[in-house]
Amino acid sequence: MSHLHPNFHNGRFITVEGVNGCGKSSQGTRLSNLLRALGKMVLHTKEPTTEFVGRHIRQALQDKALLATLGPIGLQSWYALDSHQHMQEQIVPALKRGEIVISDRYRPSLVHSALRKEDIASLLDLNATILGSDFLKPDLTFIFDVTPEEAMKRLHKKGVKLDEQETLPEIARTRELYLELAKEWPGAIVIDAMRDEKEVFVQVRSEVAALLKILI
Ligand SMILES: Nc1ncnc2c1ncn2[C@@H]1O[C@H](COP(=O)(O)OP(=O)(O)OP(=O)(O)O)[C@@H](O)[C@H]1O
Ligand SMILES: [Mg+2]
C-alpha cells in the first residue's frame, strides 16, 4: 500500500483493531502488562484520543443529528486529524525514544466510515492527505475477528451506553470491511478472537515475540 511510510525509528509500532467489543483493550492491556514486566518501555495509547478533535468525535458518536450532518467522510476527516495529532505528539516521539507503542485503534478503523468495500481506497487517500509522512506503517496490526453477535454480547457485558455504531447490522458491516482491508493492509494479522481471552493472547504473544526477537 503506497500510502504508508516505513517505521525507521528504533521503537516498534503495534496496533490492535477490530469491531467494537472484539477484545482490543483486553488484549492490548495483557500485552502492555507483559512487556512492562519484562522491563520494556511501553506506550499503550488509544484512538480517538482525549485531545480536542478526539473529544468532539466521542460527542458526535452519541449525536445522530451531528453524525448525519458530518457524513462518513466528514467524520473520517476528524478521525484522521485526531490521528495526525496522536502521531505527532505521542506515537512518533515514543518510537524515537525506542519504546514499544501499542495503539488501540489506528487508521484501519477508517472502515467504520466506509459504506461499501469500494470506499476503502478513497478513505485511505483521505487519511494519506491528512497524515502525510506521519502515516506510518505499523510493524504489526492485529485484527481481532468475532461474529457480530459475539461483539454485541461482549458490549452488553461491559454495561456501558452503546453508541450509534454499536448495532448488529453496523457491526456486521464493519466486520466484513475489516476483513476486506486486511487483504491489502501490510502486516495485518486476522486473529480468531472468538476463543477464550487467554488463548487469543497466546497467539498475540507469539507474534510479538517474533517481531521483537525475544522469547516470551
Ligand atoms: N476472548 C474473549 N472472550 C470473552 N469475552 C471477552 C474476550 N475478550 C474480551 N472479552 C470481554 O468482552 C468485553 C469487551 O472487551 P474489550 O473492552 O477488550 O473490547 P474492545 O474491542 O476494546 O471494545 P471497544 O471497541 O468497545 O473498546 C469485556 O467485557 C471483556 O472482558
Ligand atoms: Mg476498547
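Me: What makes V111, A114, L177, E180 and L181 contacts of I120?
Reply: In this predicted model, two residues are in contact if their C-beta atoms lie within 7 Å. Leaving aside neighbours within four places in sequence, I120 has such contacts with V111, A114, L177, E180 and L181.

Me: Which residues touch the most other members of the largest nonpolar core?
Reply: They are V101, I102, V111, I120 and F144, in a core of 41 residues. Helix α3 (residues 64–96) gives the most to this core, with 5 residues. In soluble globular proteins, nonpolar side chains tend to be buried together.

Me: Why is strand β4 called mostly covered?
Reply: A residue is buried if 20 or more other C-beta atoms lie within 10 Å of its own. In β4 (residues 140–145), 5 of the 6 residues are buried, so the strand is described as mostly covered.

Me: How do you know that β4 pairs with β1 and with β5?
Reply: Pairing requires at least two bridges between strands. Strand β1 (residues 12–17) is joined to β4 by 4 bridges, and β4 and β5 (residues 188–192) share 5 bridges; therefore both count as pairs. Both pairings are parallel. T141 in β4 stands opposite T15 and has A188 in β5 as its bridge partner.

Me: Which residues come nearest to ligand 1?
Reply: G23, K24, S25, S26 and R154 do, out of 15 residues around ligand 1. Elements giving two or more residues to this shell are α1 (24–37), α5 (148–158) and α7 (197–212). The shell comprises 3 nonpolar, 6 polar and 6 charged residues.

Methods: Residues are numbered from 1 along each chain as its sequence is written. Chains are lettered from A and ligands numbered from 1 in the order in which they are written. This is a predicted model: local features need pLDDT of at least 70, side-chain atom pairs count only at pLDDT 80 or more; totals for chains, interfaces and linings use all residues. A residue is near a molecule or strand if its C-beta atom, placed from the backbone, lies within 6 Å of it. Ala, Val, Leu, Ile, Met, Phe, Trp, Tyr, Cys and Pro count as nonpolar, Asp, Glu, Lys and Arg as charged, and the others, Gly among them, as polar. A nonpolar core is a set of buried Ala, Val, Leu, Ile, Met, Phe, Trp, Tyr and Cys residues joined through C-beta atoms within 7 Å. A residue is buried if 20 or more other C-beta atoms lie within 10 Å of its own, exposed if 12 or fewer, and partly exposed in between; C-beta atoms are placed from the backbone.
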